[in-house]
Amino acid sequence: MEKEAIIGNVFGKTIYKSSIKDHQYLNGKVGPLIKKFVKQKPGSVAATTDVEGNLKATILENAVDNLHLQDDYKELFDALSFDIKGFMAAKSYDDSKFDINITKAWATYTSKGQNIPSHKHTASHFSCVYYVHNEGMGDIKFEQELYSHDGFFIPPTEAYIKEWNQFNFASYKFEVKSGDFIIFPSSLLHQTETNNKDDARISISADILLTMKEGVSTEHCIPSPKTWKTIYTS
């Protein structure tokens, strides 16, 4: 029986975690595909397929960030989409007004001694990560963006905090394993722990953008892409 989804708040931000149904079957399909086209790269930072500069020592010629459009990954993204829609329903977004778009999706290959440094995504509302292979190979950590504070501020460090609790923590770790799926706001700083195992940690990440349905006018949200005009400069 699959675990129920968990929805919690970290730094006032909503984070969703679930275990995808039939993940053993899905991982058996996509895991070998990823291993065929992305390999270990030198250094302490994991290989990610969405940026060509991150693909050293792989057999890729170009960046790959469209896994969600590839037939080989359709079953996986159908399963992930079910949870994404459930997350949006829990947020109570009006599904008669919004379209949910996966804008890009890529693979990450984290070899022994590697991690993904702290970062955030700037071109989407939400981001997500699915773990194809992670058996004690490091968890995901979310961080408070301390430098964004204005005015008087006491940094949450061990220099000032006697005991960590729900009211003063500056980072929060989600334990994850193969088959787990995490959705979080793209603006939330996050990083992954170093993989200390001999096997590589393999994951698939994606960005999610909410746009208005065609015919819905809005002042605050992104209009339907069908109403956009692209200006070419060549």
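**Close-up views of a predicted model**

View 1. For Phe142 the relative accessible area is 0%. The ring centres of Phe142 and Phe184 lie 5.0 Å apart with planes at 65°, so this pair is edge-to-face (rings of Phe, Tyr and Trp, its six-membered ring, pair with centres within 6.5 Å; planes under 30 degrees apart are stacked, over 60 edge-to-face, the rest tilted). Phe142 belongs to strand E7 and Phe184 to strand E9, so the pair ties together parts 42 residues apart in sequence (strands are DSSP runs of E, at least two residues, numbered from the N terminus).

This is a predicted model: local features need pLDDT of at least 70, side-chain atom pairs count only at pLDDT 80 or more, and totals for chains, interfaces and linings use all residues. Residues are numbered from 1 along each chain as its sequence is written, and side-chain values use heavy atoms, leaving out hydrogens and water.

**View 2. A cluster of rings.** Look for Phe142, Tyr172, Phe174 and Phe184, which ring pairs link into a cluster. The structure holds six aromatic pairs. One of them, Phe142 with Phe174, is edge-to-face, at 5.7 Å centre to centre and 90° between the planes.

**View 3. Neighbouring strands.** Strand E4 (residues 98-110) pairs with strand E11 (residues 201-212) in the antiparallel sense, over 12 bridges (pairing takes at least two bridges found by DSSP). Find Ala107: its bridge partner in E11 is Ile204.

Technical notes:
Helix = DSSP H or I, 4+ residues; strand = E, 2+ residues; numbered from the N terminus. Buried < 20%, exposed > 50% of the residue type's maximum accessible area, 1.4 Å probe, protein only.
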